[in-house]
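Here's a walk through one protein model, from its overall layout down to a few side chains. Have the sequence and the 3D view open as you read.

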Amino acid sequence: MITTVLRLSVVMVVFASMLLTIAPFSPADAQWVFVARKALGRIQQMREENQPGGRPGYDFATVILDAPADKVFATALDMARKDPAVRVVMQDPGQRRFQVAEGDRTATLNVVPFSDEVSQLLIAGHAGPGEDSTTSRVVQAVLRVCKQMNKHCEVGG
């Protein structure tokens, strides 16, 4: 009886070892890949309410794209440069960040690499005193970048 249990245990250990060596992902990696695939193209938005003294808050929109960060940044910056309604007031290609202005409104765009082929696009918009919220503008900017890159994006629920 002991030899049968021992043999079965050895076989199970060898089988488990082989399975672990050929598996492409660790459990943590597999979970990350699953979560990332569910989040790809889903635009999330958040709004910070007005600050004390009547100062407007910020509006944020973010999306995870299956595209290299440098490509996302270059696409967004090129679109901003070609848009006559806005002016690029700051750019930092090393940090994949730039800022645009339209009247008293400003928006900062940042691209963060998650891997060689997955990145996050984040846009934070800020309206000047007496200006309307920038929420729809930052979401629309994310959608335009997605469209330009031929990526399907939708506003998350």
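This is a predicted model: local features need pLDDT of at least 70, side-chain atom pairs count only at pLDDT 80 or more; totals for chains, interfaces and linings use all residues.

## Layout of the chain

The protein chain has four helices and seven strands; helices here are DSSP runs of H or I with at least four residues, strands are runs of E with at least two, and both are numbered from the N terminus.

Residues are numbered from 1 along each chain as its sequence is written, and side-chain values use heavy atoms, with hydrogens and water left out.

Of the 157 residues in the protein chain, 31% count as buried. The cut-offs are under 20% relative accessible area for buried, over 50% for exposed and in between for partly exposed, using a 1.4 Å probe and protein chains only. As for contacts (heavy atoms within 4.5 Å), residues 24 or more positions apart account for 50% of those in the protein chain with a separation of 6 or more.

## The sheet

Strands of a sheet pair through backbone hydrogen bonds, either parallel or antiparallel. In this model, seven strands form an open sheet in the order β3-β4-β5-β6-β2-β1-β7, with mixed pairing. The edge strands are β3 and β7, each of which pairs on one side only. Two strands are taken to pair if DSSP finds at least two bridges between them.

Start with strand β1 (residues 42–47), which runs parallel to β7 over two bridges. There, Arg 42 sits opposite Glu 154 of β7. β1 also pairs with β2, this time in the antiparallel sense and over four bridges, and Gln 44 stands opposite Thr 62 in β2. Elsewhere in the sheet, β5 and strand β6 (residues 119–126) pair antiparallel over eight bridges; Leu 109 has Ile 123 in β6 as its bridge partner.

## Salt bridges

How many salt bridges does the structure hold? There are three, counting a side-chain nitrogen of Lys or Arg within 4 Å of a carboxyl oxygen of Asp or Glu.

| Salt bridge | Closest N to O distance |
|---|---|
| Arg 96 and Asp 70 | 2.7 Å |
| Asp 78 and Lys 82 | 3.1 Å |

Asp 66 lies in the loop between β2 (58–65) and α3, and Lys 151 in the loop between α4 and β7 (154–155), so the pair ties together parts that are 85 residues apart in sequence. Asp 66 is partly exposed at 38% relative accessibility, and Lys 151 is partly exposed at 24%.

Next, Arg 96 bridges to Asp 70. Because Arg 96 is in the loop between β3 (87–92) and β4 while Asp 70 is in helix α3, this pair links parts 26 residues apart in sequence.

The salt bridge of Asp 78 with Lys 82 sits within helix α3, where the two are four residues apart and so separated by about one helical turn. Asp 78 is partly exposed, with a relative accessible area of 35%, whereas Lys 82 is exposed at 60%.

Helix α3 also holds Thr 75, which is buried at a relative accessible area of 16%. Beyond its neighbours within four places in sequence, Thr 75 is in contact with Gln 148 and Met 149.

## The largest pocket

Rolling a probe the size of a water molecule over the atoms shows where empty space is left. A pocket here is an open set of points on a 1 Å grid over the protein atoms alone, where a 1.4 Å probe fits, with protein on both sides within 12 Å along at least five of seven lines; lining residues have an atom within 4 Å of a point.

The largest pocket has a volume of about 510 Å³, meaning the space filled by probe spheres set on the points, which are joined across faces, edges and corners. Its lining takes in 23 residues, and Asp 83, Val 86, Val 100, Ala 141 and Arg 144 lie nearest the centre. The elements giving two or more residues to this lining are α3 (69–82), β4 (97–102), β5 (105–113) and α4 (135–148). Which element gives the most? That's α4, with six residues.

By class, the lining of the largest pocket has 14 nonpolar, four polar and five charged residues. Ala, Val, Leu, Ile, Met, Phe, Trp, Tyr, Cys and Pro count as nonpolar, Asp, Glu, Lys and Arg as charged, and the others, Gly among them, as polar.
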